[in-house]
Amino acid sequence: MTTTQAPAPPERPAADAPEVRRTPARKRLVPYWLLLPGILWLLVFFAAPLVYQASTSLQTGSLEEGFKVTWHLATYWDALAEYWPQFVRSVAYAAVATVLCLALGYPLAYLIAFKAGRWRNLVMILVIAPFFTSFLIRTLAWKTILADGGPVVGALNSFHVLDVTSALGITEGHRVLATPLAVVCGLTYNFLPFMVLPLYTSLERIDPRLHEAAGDLYARPATTFRRVTFPLSLPGVVAGTLLTFIPAAGDYINAELLGSTDQKMIGNVIQSQFLRVLDYPTAAALSFILMAAILAMVTLYIRKSGTEDLV
Amino acid sequence: MPGHETTSATAVRPPNRAVRWLRRNIVTIAGLGTLGYLILPNLVVMVFSFNKPNGRFNYQWTRFSTDAWTDPCGVADMCGSLGLSLEIAVWATVGATVLGTMIAFALARYRFRARSGVNTLIFLPMAMPEVVMAASLATLFLNMGIQFGFWTILIAHVMFCLSFVVTAVKARVMSMDPRLEQAAQDLYATPVQTFLRVTLPIAAPGIAAGALLSFALSFDDFIITNFNAGSTVTFPMFVWGSAQRGTPVQINVIGTAMFLVAVLCVFVGRTAGKKRRQRS
């Protein structure tokens with residue numbers, strides 16, 4: 001995703017760069033001085049910790065006798081062997097939530113881009129505002145909405161929806177809380193704005209005259225969408241799916257607040273290994289596996305979707 | 001498909017008005033449905049801020065009361081954690097905005113050798129699950145023997161807000177016409193004058209957007225704070241703890257107030273921006 005910049009010839013200043021004249025050495029150092037503090041911050045508090053964590057994952061020992069690097073690669077194997085269900089679950093929940101976000105978010109983004117008219121500002125605010133209200137409070141609100149005696153569960157029960165979903169294994173018995181459905185619902189809700197905003201950005205760039213042209217060529221609305229609108233919105237689709245999938249796969253708040261022990265995701269495991277069990281090597285190995293898996297999937301996805309000029 | 005209608009001649013009866021209306025407005029209906037899904041929890045939080053629960057948990061409607069609104073700080077430690085979160089968010093915003101704006105200018109205005117490396121370093125924190133960053137930074141602090149608390153939270157927040165500021169400011173500076181600055185120089189403005197009177201005002205909306213985003217991200221962050229706070233309790237951590245111990249109604253009051261303030265801020269910001277655009 002760093003392929004966006006045209007690779008400038010390294011030694012010669014590019015022709016369109018603002019400083020065309022030969023500048024004195026003092027001035028040529030300006031960008032480096034601008035970068036220094038921020039990049040140093042990221043190197044020390046983002047990159048170095050990752051390296052540190054790599055070494056931690058190879059340590060053995062305990063909190064009492066201290067940890068030592070022993071190149072104990074078996075930690076990775078043990079962690080995978082023990083927690084692969086949580087890994088699979090994280091990827092599955094995040095994938096389903098991402099697809100749901102796309103299905104729910106697309107009409108909303110379309111509505112804002114093409115149909116909202118003078119209401120556009122208001123709808124936009126209603127999409128952004130939840131960003132500024134507490135994530136946790138809103139997630140807790142889902143406990144109220146999906147409560148066992150509540151109207152939502154009541155309605156689903158009276159239409160026998162929960163019988164079907166329970167048979168499919170998405171819910172259990174006649175309740176929604178503490179089931180996969182509740183966790184996926186929370187994930188979908190929490191990351192929906194991350195889907196809507198990039199979709200809106202790429203839809204808004206589409207020239208409405210393209211729609212008229214498609215109509216003039218006797219394309220029906222569905223065909224116009226399939227052949228014109230959707231392909232042009234692909235950069236937004238790719239950006240949106242990444243922005244929802246990555247945080248959803250690492251999230252542990254929804255699984256903790258809306259699920260039960262049967263819905264634990266990998267984030268929950270890392271959190272409890274690190275903060276409760278204090279088994280730092282396992283926690284480090286687990287987060288490394290998660291990071292590697294996500295990087296691999298993202299790279300593959302971007303290669304497949306072919307939109308390299310993304311970020 | 002001109003031949004379509006004649007081939008399915010048996011079903012050619014035109015659809016009635018309701019069906020046609022539905023067909024025409026299906027996207028709008030679906031979009032509004034999604035909007036409802038997004039707003040629903042906020043409404044629930046609002047309604048339940050007027051509840052008087054029986055037990056420790058405010059998950060079931062019992063009866064109407066304005067007690068929580070008249071006594072918003074009536075819960076031990078809650079307003080303290082709120083104040084701490086605000087303080088951290090302000091400083092994290094200042095730090096991330098200053099550092100991020102500098103990086104954004106360097107990236108947008110200069111060509112230098114480490115450019116693609118810097119771009120990768122900026123992008124990675126946004127593409128990494130929070131829990132990975134949180135655990136690795138906490139590992140570093142642990143091994144360095146650094147005491148967890150206010151400073152470790154602040155360091156972590158500046159770290160993850162930085163990339164968002166860079167992205168927001170860079171987008172704005174990149175789309176700016178370089179001829180404006182050349183014009184200023186032609187009119188004998190010094191580099192400092194050019195920067196303060198031309199460049200900075202044009203970049204300001206990007207900087208403001210980055211700062212606003214940092215504030216929201218920092219104020220609301222739970223995962224990274226949870227790993228790097230030690231025994232310090234920010235507002236999201238207070239809410240997290242209360243989900244286990246019992247949720248006071250005042251949490252809903254704060255949630256509602258935040259929502260209203262946010263709507264107001266965004267609304268004022270957008271209308272002001274539109275006015276300015278119309279004037280120029």
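This is a predicted model: local features need pLDDT of at least 70, side-chain atom pairs count only at pLDDT 80 or more; totals for chains, interfaces and linings use all residues.
User: Okay, back to S85(B). Which helix is it in?
Analyst: S85(B) is in helix α4 (residues 78–109) of chain B. Helices here are DSSP runs of H or I with at least four residues, strands are E runs of at least two, and both are numbered from the N terminus.

User: Is S85(B) buried or exposed?
Analyst: S85(B) counts as buried, because its relative accessibility is 5%. Buried means under 20% relative accessible area, exposed over 50%, and partly exposed in between (1.4 Å probe, protein chains only).

User: Switching to chain A: how many helices and strands does it have?
Analyst: Chain A has 14 helices and 2 strands. Of its 311 residues, 47% are buried. Among its contacts between residues at least 6 apart in sequence, 69% join residues at least 24 apart.

User: What does Y76(A) touch?
Analyst: Leaving aside neighbours within four places in sequence, Y76(A) is in contact with S57(A), L58(A), A285(A), F288(A) and I289(A). Y76(A) itself belongs to helix α3 (residues 74–115) of chain A, and counts as partly exposed because its relative accessibility is 22%.

User: Which of its side-chain contacts is polar?
Analyst: The side chains of Y76(A) and S57(A) make a polar contact at 2.8 Å. A polar contact is a pair of N or O atoms within 3.5 Å; within protein, one must be able to donate a hydrogen and the other to accept it, and residues adjacent in sequence count only if both atoms are side-chain atoms.

User: Now the two chains together. How many residues does the contact take from each?
Analyst: It takes 85 residues from chain B and 86 residues from chain A. The area buried between them is about 8,200 Å², with carbon and sulfur atoms giving 78%. Buried area is the accessible area (1.4 Å probe) that two parts lose on being put together, summed over both.

User: Which three residues of chain B supply more of that area than any other three?
Analyst: Y37(B), L38(B) and R111(B), which supply 9% of the area that chain B buries against chain A. By element, helix α2 (residues 17–48) of chain B gives the largest share of the side that touches chain A, with 17 residues.

User: How many residue pairs are in polar contact between the chains?
Analyst: The count is 8, with both residues at pLDDT 80 or more.

User: And aromatic pairs, how many over all chains?
Analyst: A search of the whole structure finds 25. One of them is F225(A) with F230(A), a tilted pair with 5.9 Å centre to centre and 50° between the planes. Rings of Phe, Tyr and Trp (its six-membered ring) pair if their centres lie within 6.5 Å; planes under 30 degrees apart count as stacked, over 60 as edge-to-face and the rest as tilted.

User: Which residues do ring pairs link into a cluster?
Analyst: W41(A), F45(A), F141(B) and F148(B).

Notes
Residues are numbered from 1 along each chain as its sequence is written. Chains are lettered from A and ligands numbered from 1 in the order in which they are written. Side-chain values use heavy atoms; hydrogens and water are left out. Contact means heavy atoms within 4.5 Å.
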